[in-house]
Amino acid sequence: MRKVSKKEDSYPSLRQIKFFRKLLLNWFSKNGRKFPWRGSRISNYNRIIAEILLQRTKAEIVKQHYNEFLEVYPDWKSIANASNRELGKVLRPLGLWRKRSITLKKLAVIIDKSGGKFPKDVKALEFLPGIGQYISNSIMLFYFKNRSPLLDVNVARLLSRYFGISCKEDLRFDLQMQCLAREIVNCDETITVNLAMIDYASLICKNKSAICSTCLLRKNCSFYDK
DNA sequence: GTCCTGGAAC
DNA sequence: GTTCCCGGAC
């Protein structure tokens with residue numbers, strides 16, 4: 001394995017992107033992870049709660065406490081009526097519970113007043129408490145059915161390694177990486193491609209101990225030492 | 001010690 | 001732009 005060189009940055013062609021997408025979709029159909037917040041029948045409330053719980057938190061950990069959270073807080077109103085202390089109690093095992101209980105309650109009050117509706121453009125979404133670039137894209141993807149990318153640190157690592165493109169420390173300012181992610185998910189299976197990248201980065205293209213030996217993508221991967 | 005489907009205060 | 005939040009897994 002070698003480090004990604006900044007000098008070799010070159011934007012991938014559409015053909016390369018299609019190939020990458022196809023292999024990932026094929027892999028995902030057999031190896032994708034199952035989580036209670038995935039699937040087309042999940043309510044928007046349940047889905048957005050999952051996104052908030054997943055901030056900087058391992059999906060496997062969220063899975064252990066997700067249903068309990070939904071039992072205690074089944075809708076926006078129940079969160080809006082809860083005290084920060086009560087919320088923190090349920091959020092504690094997930095970490096980041098002080099901030100999350102404060103911002104989640106602020107958000108719940110706003111969304112409850114709006115009748116459960118979210119604003120339909122990215123900038124307005126990012127203005128909401130606890131909603132930044134990632135979750136606003138997630139809402140645009142799942143709630144409004146846009147072709148939006150879910151670009152987290154793991155997906156960025158996968159793209160950076162495979163396409164040999166360096167990425168910035170803070171993805172919020174990395175327009176090149178955002179643009180690439182957006183192009184990759186710009187197809188008829190936007191949601192599945194997004195989930196496939198997240199799972200592949202988590203299970204195969206790990207930060208440390210990447211499993212290059214069994215990686216389907218290694219033939220064309222700039223990170224793989226042939 | 002580092003890392004995780006980020007966001008906001010500083 | 002940088003730092004902190006947070007617990008649990010590794």
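Helix H6 (residues 97-113) gives the most to the surface near DNA strand C, with three residues, where helices are DSSP runs of H or I of at least four residues, numbered from the N terminus, and a residue is near a strand if one of its heavy atoms lies within 4 Å of it. This is a predicted model, in which local features need pLDDT of at least 70 and side-chain atom pairs count only at pLDDT 80 or more, whereas totals for chains, interfaces and linings use all residues. Residues are numbered from 1 along each chain as its sequence is written, chains are lettered from A and ligands numbered from 1 in the order in which they are written, and side-chain values use heavy atoms, with hydrogens and water left out.

**DNA strand C**

- The residues around DNA strand C are Lys-58, Ile-61, Arg-92, Pro-93, Gly-95, Leu-96, Trp-97, Arg-98, Lys-99, Asp-170 and Phe-173.
- By class, this surface has five nonpolar, one polar and five charged residues; Ala, Val, Leu, Ile, Met, Phe, Trp, Tyr, Cys and Pro count as nonpolar, Asp, Glu, Lys and Arg as charged, and the others, Gly among them, as polar.
- Sugar or phosphate holds 62% of the atoms of DNA strand C that lie within 4 Å of the protein, and the rest belong to bases.
- Phosphate oxygens of DNA strand C take part in polar contacts (pairs of N or O atoms within 3.5 Å; within protein, one must be able to donate a hydrogen and the other to accept it, and residues adjacent in sequence count only if both atoms are side-chain atoms), including one at 2.4 Å from a polar side-chain atom of Arg-98.
- Leu-96 is placed in the loop between helix H5 (84-91) and H6, and its phi is near 55 degrees, a positive value in a residue other than glycine.
- With 45% relative accessibility, Leu-96 counts as partly exposed, a class that lies between buried (under 20% relative accessible area) and exposed (over 50%), computed with a 1.4 Å probe on protein chains only.

**DNA strand B**

- Of the 29 residues around DNA strand B, those that come nearest are Lys-99, Gly-130, Gly-132, Tyr-134 and Asn-154.
- Of the atoms of DNA strand B that come within 4 Å of the protein, 68% are accounted for by sugar and phosphate.
- The surface near DNA strand B divides into 12 nonpolar, seven polar and 10 charged residues, and helix H8 (133-142) and H9 each supply at least two residues of this surface.
- A polar side-chain atom of Tyr-134 lies 2.2 Å from a base oxygen of DNA strand B, whereas a side-chain N or O atom of Asn-154 is 2.6 Å from a phosphate oxygen.
- For Lys-58, a side-chain N or O atom is 3.2 Å from a sugar or linking oxygen of DNA strand B.

**Helix H9 and its ends**

- Nine of the 11 residues of helix H9 (residues 153-163) are buried, so this helix is largely enclosed by the rest of the structure.
- The buried residues of H9 pack against helix H1 (14-31), helix H10 (175-184) and helix H11 (190-203), where contact means heavy atoms within 4.5 Å.
- Asp-152 caps the N-terminal end of H9, with a side-chain oxygen 2.8 Å from the backbone nitrogen of Asn-154.
- H9 is followed by Gly-164, whose phi is positive, near 65 degrees.
- Lys-145, in the loop between H8 and H9, also has a positive phi, near 60 degrees, and is exposed, with a relative accessible area of 60%.

**Packing on helix H11**

- H9 and H11 pack at an angle of about 80 degrees, with their axes 8 Å apart; axes are lines fitted to C-alpha atoms, for helices over the stretch in contact, and angles run from 0 to 180 degrees between N-to-C directions.
- H9 and H11 are therefore roughly perpendicular to each other, as angles of 65 to 115 degrees are classed.
- In this pair, Asn-154, Val-155, Arg-157, Leu-158 and Leu-159 of H9 meet Met-197, Ile-198, Tyr-200 and Ala-201 of H11.
- H1 and H11 pack at about 75 degrees, with their axes 9 Å apart, and the contact has 11 nonpolar, two polar and two charged residues.

Definitions and conventions: Angles under 35 degrees count as roughly parallel, over 145 as roughly antiparallel, 65 to 115 as roughly perpendicular and the rest as oblique.
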